[in-house]
Each structure stands twice: as structure tokens, then as C-alpha cells.
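User: I'd like to go through this one with you, starting with how you count contacts. Could you set that out before we look at any residues?

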Amino acid sequence: MDIVLSGIRPTGNLHLGNYFGALRNFTKMQHENTCYFFIADYHSLTTHPTPEHLQDNVKQVLVEYLAAGLDPEVATIYVQSDLPQTAELYLFLNMNAYKGELERVTTFKEKAKKQPNNINAGLLTYPALMAADILIHRAHKVPVGKDQEQHLEMTRTFANRFNRLYKVDYFPEPVAYNFGEELIKIPGLDGSGKMGKSEGEGNAIFLADEPAVIRKKVMRAVSDAGPTEKNSVKPEPIRNLFLLMQAVSSADTVAYFEEKYNACEIRYGDMKKQLAEDIIIFTEPIRERVKELSADEAYIKKVMEMGKEKAIASGGKTVKEVREIIGFRP
Ligand code: TRP
């Protein structure tokens, strides 16, 4: 069985885009592989969160992953800082990570531009920490988006460099896990691009949004005056509404509005009302489960403990072996 690992930045609430982009596939994947899902709280220090925020965000993300269907009895779900051996492997990898290659990383350049007064060493060595996350479980596959491919490439570089330096065949070369056609890209409600929380208020539907909020956001989604010619090509905002509908509504519903569109009889108000109700129905089980879990501190704690134990069993063994390969006293 392949070892699959995914890291999640604890940046607050998950939205429908996260669900269709990753979460939904994770819930299937966990049964076909040995999976590690962890919440990257060390990574979040690169942007200096306050202590209160750090813990709240970790809990929120954990709850939402569980609500969406990740099973802590099947997969290993843990908090990165509960596996402090990660920091030791990060230290070792940093000794063979070079300033030049780290400075060339796109995400580093972007972050440096965004926070010019906080270009800390953690930001520069972010790829080494991410490599430590992956290599600590000697993972084979890592589901990542386009923006993380360069980091994964660096992980392979660090793994190979380690193997070469110590003349061992210890770390496997992790590759990107592609979900292929199952991956659905969810557009945002602002008429362009993708769903994301940084794209502005109202662009994203969060899994925990209450029905009233969902209705309000969908009704405000960008549309236009409607087609003037039969069977015309849909402009982007309209295409996006249909894409969203395809994700959450029945095929009949989509076909109905397609027909109306093609006949120039579509009323976007009606379409949005239907879309909002279908999103509400679709997200209901997750929303309810989020509420239940959020109130169950004991269960959350148990899940974290369970994850910690399994993560240390795997990661602790790796770091012990790495120490010996490097030449530390066993
Ligand atoms: N860098 C990833 C992101 O921004 C999060 C992450 C940290 C990660 N460590 C990882 C992802 C290891 C995959 C594997 O989304």
C-alpha cells in the first residue's frame, strides 16, 4: 500500500472549493492507502499568528476535516507540532538546503513581497520543513495543488541529496497524487476565478455557513442581463453559476436551466434560488456534524491523542534511523 500524506494549513474555515478540490477525494483515498493528514501549525508561524488564533484554527480545521468524512480510525490525523521529531528532521535537511535554491522558490518570493518587514528564516526554509513533513513518514504520494508542485520538487531534491550524501537508499521520491477526472474546480461567486477566502467577502461558501448566509451569498453572485441570442456561449460568470450547480444539484435541475438559458428564457433569480437551496441541502450533513464535533471537546482531544501516537510511531522511527545514518550515536 502506498503511503499518502497531505498537509493542511490551519487558515480557518474550509469552503466548497476545498471540499471538491481535495476533501471529498481524501475521504475515499483513506481506504485505499496508508494516509497521513496533518495540520501544519509549525508552518503557520512563518506569518506570526497570535497564540489564541493558532489553537482555534487548528481545532476548526480538524473539526471540519472530520465532519467531511476523514476517519481517525482509518487514517492518521495529527497536528504537526505533536510530532516534534519533524523539527529535528527539518534541522538535518536544512544543513543540505542551499540559500540560492531556497531564494528561487516562487512562494518565497511572493511572501517576501507581501511581508517585506518579516522575511524570516522560516519563510526561506519553508520547503525544508515541508520536505521534513513528507519524508518523516517516507511518503510516496502527496496530493498537492499547482502552487505546491515546486515544493514537492524540492522535497525530491532533498531526498535524493540525502540518499547520495550518505550512500543509502532511504527516502523514496515522493510524487504528486493526481485525482485525475475526479477533481472538480469550483469557481467563486464573484464571477471570475476560483473560490477562495482571500478573493473577497462573499466569494466563497464555507462548509459551516448557515442557510441564511448561503442564500444571501448566492443571491448576490455576479450574473448579467441574460442572453439575447438563442444557444449562445455563456460568459464566464454564468458559466461559473452552472459549474456550481453541476457540483451540487441534480442532473435534471441543471438540464432545466440549460434549456431555459438556450431559449433566452432564463431568470437568474430563479436559478440562484434553486442553487442556494441545493447548496444548503448538500452541505447540511457537514454543517450539522461540525456543530456536534465542535461541542465535543473530549472527542477532539481523543482524536488528537490518537493521531499523535500513530504519527510518533512512524515519524519517530524515521528520525531514529536518520540519526544513525548521519552518524549520531544510536
Ligand atoms: N505548504 C502546504 C500549503 O500551503 C501545506 C503543507 C505543509 C503541506 N507541509 C506539507 C502539504 C506537506 C503537503 C505535504 O498548502
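Analyst: A polar contact here is a pair of N or O atoms within 3.5 Å, where, within protein, one atom must be able to donate a hydrogen and the other to accept it. Please keep in mind that this is a predicted model.

User: OK, which backbone oxygens lie that close to a polar atom of the K272 side chain?

Analyst: The backbone oxygen of A221 lies 2.7 Å from a polar atom of the K272 side chain, and the backbone oxygen of M219 lies 3.2 Å from a polar atom of that side chain.

User: And where does K272 sit, which helix?

Analyst: K272 is in helix 13, which covers residues 268-294.

User: Is K272 buried or exposed, and what is the nearest side chain of opposite charge?

Analyst: K272 is buried and has no salt bridge, since D224, the nearest side chain of opposite charge, is 9.1 Å away, whereas a salt bridge needs the charged atoms within 4 Å.

User: Which element gives the most to the shell around it?

Analyst: Helix 8 gives the most, with four residues, and strand 1 (3-8) is also among the elements that give two or more.

User: What about the shell by class?

Analyst: The shell around the ligand has seven nonpolar, three polar and two charged residues.

Notes. Residues numbered from 1 in each chain as written. Predicted model: local features only at pLDDT ≥ 70, side-chain atom pairs only at ≥ 80, totals over all residues. Heavy atoms only, no water. Nonpolar A, V, L, I, M, F, W, Y, C, P; charged D, E, K, R; others polar. Buried < 20%, exposed > 50% of the residue type's maximum accessible area, 1.4 Å probe, protein only. Lys, Arg positive; Asp, Glu negative; His and termini not counted.
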